[in-house]
Amino acid sequence: MAHKQPGSPATHDYTARVEWTGNTGRGTASYTAYQRSWDITTPGKPVIHCSNDPLLGGDPLLHNPEDLLLSTVSACHMLWYLHLASSRRIVVQGYTDKPVGVGEVQSDGAGRFLSATLHPHIHLSAGVDPEQADAIHGLVHQYCFIARSLNFPVNIDASYETTPD
């Protein structure tokens, strides 16, 4: 739902349901008594089954918060990149990213992301100037909802390939 006061930006509500699924029958009676698993549900969309980072006892086959954050940063950047490329008549035929996040965990267990680097490989139509295509990355952070909300740097290390028409 959008909200707008006269003279101010519109705001939007985003909702989800996060439900812990890791109660093994003992609740949190001890640190080893429960699993670090949960489901994310959003009305009308498939359930996402999640777990903690495997380094912290989570299931390595399920998405963890760090996976989800890094993927979200990458997806937001990609969507704005494609939008800005389209509006500049730069024809993109393919886009694949392999983002890498760098985190740290302090001795007391507190952790945080220090940075993320996106590594998009972009297929451009024949005749597109890769330098013009590359310049778009510098504009994305002006728009990307996710990147504008982070407190760590997001770097871009893009590569390009020309796809014949």
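Predicted model: local features only at pLDDT ≥ 70, side-chain atom pairs only at ≥ 80, totals over all residues.
Residues are numbered from 1 along each chain as its sequence is written, and side-chain values use heavy atoms, with hydrogens and water left out.

I begin with the sheet. Three strands, in the order β7-β8-β10, make up an open sheet with mixed pairing. Helices (H or I, at least four residues) and strands (E, at least two) are DSSP runs, numbered from the N terminus; two strands pair if DSSP finds at least two bridges between them. At the edges lie β7 (100-105) and β10 (154-156), each of which pairs on one side only. On average, neighbouring strands of this sheet are turned by 20° against each other, direction ignored.

Strand β8 (residues 111-118) runs antiparallel to β7, and six bridges join the two. G103, for example, has F113 in β8 as its bridge partner.

Helix α1 (residues 65-87) packs on the sheet and touches β7, β8 and β10; the directions of α1 and β8 make an angle of about 35°. Axes are lines fitted to C-alpha atoms, for helices over the stretch in contact, and angles run from 0 to 180 degrees between N-to-C directions.

Finally, I turn to K98, in the loop between β6 (92-96) and β7. Is K98 buried or exposed? K98 is exposed, because its relative accessible area is 62%, and exposed means over 50%, buried under 20% and partly exposed in between (1.4 Å probe, protein chains only). Beyond its neighbours within four places in sequence, K98 is in contact with T117 and H119, where contact means heavy atoms within 4.5 Å.
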